[in-house]
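This report describes selected features of one protein chain. Please look at the sequence and the structure before reading on.

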Amino acid sequence: MALHWLEKLVAKVLRDHNRALTFEEVAELTGRDLGSVAKAALWLSSKGLITVEEHEKKIIGLGVEGAVYVDQGLPERQLVTLLERVGGVMALTEAEEKLGAEKFNIAINWAKRRGWISIEKSGGRVVVRLLERPAGDFPEERVLKLLSGGERELDEIPAELREACLSLATRPNVLDMKVKRIHVMKPTQKLLELDSELLEAVEITRLTRELLASGGWRKVKLSRFDVFAPSPPAFAAKRHPLQELIKLVREVFAEMGFEEIRGPLVELAFWNFDALFQPQDHPAREMHDTFYLAEPEMGDLPEHLVDAVKVVHETGGDTGSTGWGYRWREEEARRLLLRTHTTATTIRYLAEHRDPPVKVFSVDRIYRNERVDWKHLAEFHQIEGIVMGENVSFRGLLGLIKEFYAKLGLKNVRFRPSYFPYTEPSAEAVAYLEDKKTWLELIGMGVFRPEVTRPLGVKQRVLAWGGGLERLALALYDLDDIRTFYINDLNWIRSIPGMILKRRTGRV
Ligand code: PHE
């Protein structure tokens, strides 16, 4: 067992005294500050060489009123003195006037309880009469005197004054009671039996210029570092766990040869819905619980695409589709909204990059008018991607998605048929979570329909997919409540080790 010099110092003192010592006593005996003693105590106790106990000490001192009484005497003493001076009897009203109403009440109360005075009727007036003069200092006065010399531990108050002390304590602000915690350390048997060598050997913890220059370092014993010694936690700056995942997702996409794209949060309904062949009267637009902008309400359409999109919605144009068979309105497409999915961003990109190869992704914010609960947020993130090329296929898409999630540690991914207005065929990917014994919905996916690609002038097949980031984050961080990511609980954020995602996903 290697001991730090500070541990040796403290351990030696304890062994020499072979009894319980307070931290203060040890600080005194070793000439070290309390902080160092506490540190050494923590290390020594973790090695089983000492035990540390916490005791409570009741400390008693003078309160504000008590300090005044030390100067002027207790009210009942003042009353007695007053009465003595006038021969033992005084009109009650006069005594009240002389002492002041407040002090008078306290004085009468206590003097009467002790049997020093009586209140009588005499010649048509009420008087206070001194019956007995307290001999010398009475116990309460002795307590005050004792405490005027500084605060004391309750146990130090002599037994015969204990009662007076407790009685004074019932009077407002006369005494001040405090509880002080003291820490006591005791040597364990293990320390008492420890090889003295271990405590005596002088070790050098720091190499100095002199030691190096003189060659003295060859002769001294250098102390070892104990890398397992407990230490206060250090909270270094770090990324929020969700940002950590976003970074990881970017890395994975980059490894797979994707480039990142971004698009506006405030989007035209045209890109969010129309370009994706979602009919204007379709509940999908409400189903998505869209946040529409009040101001400005409308944006400008990409004019060169308007006609083609209109035709495809109304009749299907030359796509081989019959379209939706309704009258498409430009006004509806011009409405501004907060994008409800990042597919708005990929389709926007596609309209400007019509020639293969296209291999891009986005991890970004989206908005839906959801009631916030453990499973839902109104503002969250989606992972999205598209691939366009000569030879891409639906099967290729399945493989790509499998590979992507495998890189995130989800090895058991399956696909089920699904429906989206803009893809055919459509599927959804789910992953089995071993810990939770449940299936997690990862993404929606498919091949963009001709009704989507043709109006943009895209000739090749486009694979597309998109899905939530937060639910994936819940699974990877093993959490249950999606709100955890957004309530900024510093303790929680600090509690997440920096490397945990990489470890969980098997990337380190
Ligand atoms: N946009 C869909 C969603 O928000 C996911 C999706 C993207 C589906 C691309 C198919 C193709 O759930």
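The structure is a predicted model, in which local features need pLDDT of at least 70, side-chain atom pairs count only at pLDDT 80 or more, and totals for chains, interfaces and linings use all residues. Residues are numbered from 1 along each chain as its sequence is written, and side-chain values use heavy atoms, with hydrogens and water left out.

**Salt bridges**

A salt bridge here is a side-chain nitrogen of Lys or Arg within 4 Å of a carboxyl oxygen of Asp or Glu. By this rule there are 37 salt bridges.

| Lys or Arg | Asp or Glu | Closest N and O atoms |
|---|---|---|
| Lys145 | Asp137 | 2.7 Å |
| Arg348 | Glu267 | 2.9 Å |
| Lys502 | Glu251 | 3.3 Å |

Helices (H or I, at least four residues) and strands (E, at least two) are DSSP runs, numbered from the N terminus. The salt bridge of Glu251 and Lys502 has its closest N and O atoms 3.3 Å apart. Because Glu251 lies in helix α13 (residues 241-255) and Lys502 in helix α23 (residues 500-504), this pair ties together parts that are 251 residues apart in sequence. For relative accessible area, buried means under 20%, exposed over 50%, and partly exposed in between (1.4 Å probe, protein chains only). Glu251 is partly exposed at 25%, and Lys502 is partly exposed at 24%.

Arg348 forms its salt bridge with Glu267. Arg348 is in helix α18 (residues 343-352) and Glu267 is in strand β11 (residues 266-268), so the pair ties together parts that are 81 residues apart in sequence. Is Glu267 buried or exposed? Its relative accessible area is 0%, so Glu267 is buried. Arg348 has a relative accessible area of 29% and is partly exposed.

In the pair of Lys145 and Asp137, Lys145 counts as exposed because its relative accessibility is 55%. Asp137, at 37%, counts as partly exposed.

Salt bridges also link Glu76, Arg114, Glu140 and Arg171 in a network.

**Surface patches**

Patches are made of residues with over 30% relative accessible area and no salt bridge; like charges are joined within 9 Å, and nonpolar side chains (Val, Leu, Ile, Met, Phe, Trp, Tyr) within 5 Å. Asp and Glu count as negative, Lys and Arg as positive, while His and the chain ends are not counted. The place of a charge is NZ of Lys, CZ of Arg, CG of Asp or CD of Glu.

Asp300, Glu303, Asp307 and Glu330 gather in a surface patch of negative charge. Glu330 belongs to helix α17 (residues 330-333) and is partly exposed at 37%.

A nonpolar surface patch is formed by Leu207, Leu212, Trp217 and Leu222, with about 360 Å² of accessible area together (Shrake-Rupley method, 1.4 Å probe, only the protein chains shown counting as cover for residues). Trp217 sits in the loop between α12 (209-214) and β9 (221-222). Trp217 is partly exposed, with a relative accessibility of 34%.

**Two single residues**

Met1 lies in the segment before α1 (5-17) and is partly exposed at 45%. Which residues does Met1 touch, not counting those up to four places away in sequence? They are Lys47, Leu49, Lys190, Leu194 and Leu198, where contact means heavy atoms within 4.5 Å. The C-alpha atoms of Met1 and Ile117 are separated by 74 Å, and these residues are 116 residues apart along the chain.

Asn109 is in helix α7 (residues 101-113) and is partly exposed at 37%. Asn109 and Glu76 are 33 residues apart in sequence, and their C-alpha atoms are 8.1 Å apart in space.
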